[in-house]
Amino acid sequence: MGVRERKARDRQVRERKIIDCARAIAEEEGWAAVTTRRLAGEIEYSPPVLYGHFPDGRDGIVSAVALAGFTEFTRLMRHALDEAGPTDRLSAFIDAYLSFAAANPATYEAMFSMQLEVRFAHDSTPAELRAAFDVLVDALGSDQIGDAGTRAELLWSALHGMSVLTRGHRLSPENQRRRVDALAGLFHSGP
């Protein structure tokens, strides 16, 4: 391995360390606790090193956490769909979505609620977001009725609402299964 390759690898390792540290702090203490100064101290790099990786500072780091979250989200959702039987794919997807949101509240917030430079449904939409939306469309099945994109947006909206309301303790935990089954029923388009 040449010097150039080693430097590129070291840069990727530092960047991953910054992203992982920011995510860990946010999951433990919330996004308000994530500052460039705190991150620099935690990972033992100077603030200029952080800005060298993320010129937009904290906003760039939060965006990177969101993109990493989308990659993980897509992998987990695909796994849920692949493991499900043909009749319970949508319910398995809904369960996996809600579980991801509950297990990763700060990452979920960065992905879907915080004002970032990454945007859905735009020419500049990163591949990670497109892949996440594609798995949402796939969860609805190939025998979809109507516009697949619109149906996926409606399902996503319902799931996001359920996630946020559940996190805020606004929905009855005892009703979770009934909500999942009802939502899957609303979007079921098979025979």
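Colleague: Among contacts in the protein between residues at least 6 apart in sequence, what percentage join residues at least 24 apart?

Modeller: It's 62% of them. Contact here means heavy atoms within 4.5 Å. Before we go on, this is a predicted model, where local features need pLDDT of at least 70, side-chain atom pairs count only at pLDDT 80 or more, and totals for chains, interfaces and linings use all residues. Residues are numbered from 1 along each chain as its sequence is written, and side-chain values use heavy atoms, with hydrogens and water left out.

Colleague: OK. How many helices and strands are there?

Modeller: The protein has 9 helices and 0 strands, and the pattern along the sequence reads α-α-α-α-α-α-α-α-α. Helices (H or I, at least four residues) and strands (E, at least two) are DSSP runs, numbered from the N terminus.

Colleague: And what does the C-alpha trace span along its principal axes?

Modeller: About 60 × 40 × 30 Å.

Colleague: What share of the residues is buried?

Modeller: Of the 191 residues, 40% are buried. Buried means under 20% relative accessible area, exposed over 50%, and partly exposed in between, with a 1.4 Å probe and protein chains only.

Colleague: Let's look at the core. Which residues touch the most other members of the largest nonpolar core?

Modeller: Phe93, Tyr97 and Leu159, out of 55 residues in that core. A nonpolar core is a set of buried Ala, Val, Leu, Ile, Met, Phe, Trp, Tyr and Cys residues joined through side-chain atoms within 4.5 Å.

Colleague: Which helix gives the largest share of this core?

Modeller: Helix 4, with 11 residues. Helices that each supply at least two residues of this core include helix 1 (3–29), helix 2 (36–43), helix 6 (105–112) and helix 9 (176–187).

Colleague: Back to Phe93. What does Phe93 touch?

Modeller: Not counting residues up to four places away in sequence, Phe93 touches Met77, Leu81, Val135, Leu136, Ala139 and Leu159.

Colleague: Some of those look like helix 7. At what angle do helix 5 and helix 7 pack?

Modeller: Helix 5 (residues 89–103) and helix 7 (residues 127–139) pack at about 140°, and their axes are 9 Å apart. Axes are lines fitted to C-alpha atoms, for helices over the stretch in contact, and angles run from 0 to 180 degrees between N-to-C directions.

Colleague: Which residues make the contact?

Modeller: From helix 5 you have Arg89, Leu90 and Phe93, and from helix 7 Val135, Leu136, Asp138 and Ala139. The residues of this contact split into 5 nonpolar, no polar and 2 charged.

Colleague: Which residues of helix 7 are buried?

Modeller: Leu129, Ala132, Phe133, Val135, Leu136 and Ala139. They sit on the same side of helix 7, because they cover an arc of only 155° around the axis. The arc is that of the directions from the helix axis to the C-beta atoms.

Colleague: What covers the buried residues of helix 7?

Modeller: The cover includes helix 4 (58–83), helix 5 and helix 8 (148–167).

Colleague: And what follows helix 7?

Modeller: Gly141 does, and its phi is positive, near 95°.

Colleague: Which residues have a positive phi without being a glycine?

Modeller: Glu44 is one of them, at about 65°, and His169 has a phi of about 60°. Glu44 is in the loop between helix 2 and helix 3 (47–53), while His169 is in the loop between helix 8 and helix 9.

Colleague: Is Glu44 buried or exposed?

Modeller: Glu44 is exposed, with a relative accessible area of 71%. His169 also counts as exposed, at 71% relative accessibility.

Colleague: New topic: Ser91. Is Ser91 buried or exposed?

Modeller: Ser91 is buried, with a relative accessible area of 17%. Ser91 is in helix 5 and, leaving aside its neighbours within four places in sequence, is in contact with Arg177, Val180, Asp181 and Ala184.

Colleague: Last one. How many Å apart in space are Asp20 and Ile61?

Modeller: They're 9.9 Å apart, C-alpha to C-alpha, and 41 residues apart in sequence. Asp20 lies in helix 1 and is partly exposed, with a relative accessible area of 38%.

Methods
Ala, Val, Leu, Ile, Met, Phe, Trp, Tyr, Cys and Pro count as nonpolar, Asp, Glu, Lys and Arg as charged, and the others, Gly among them, as polar.
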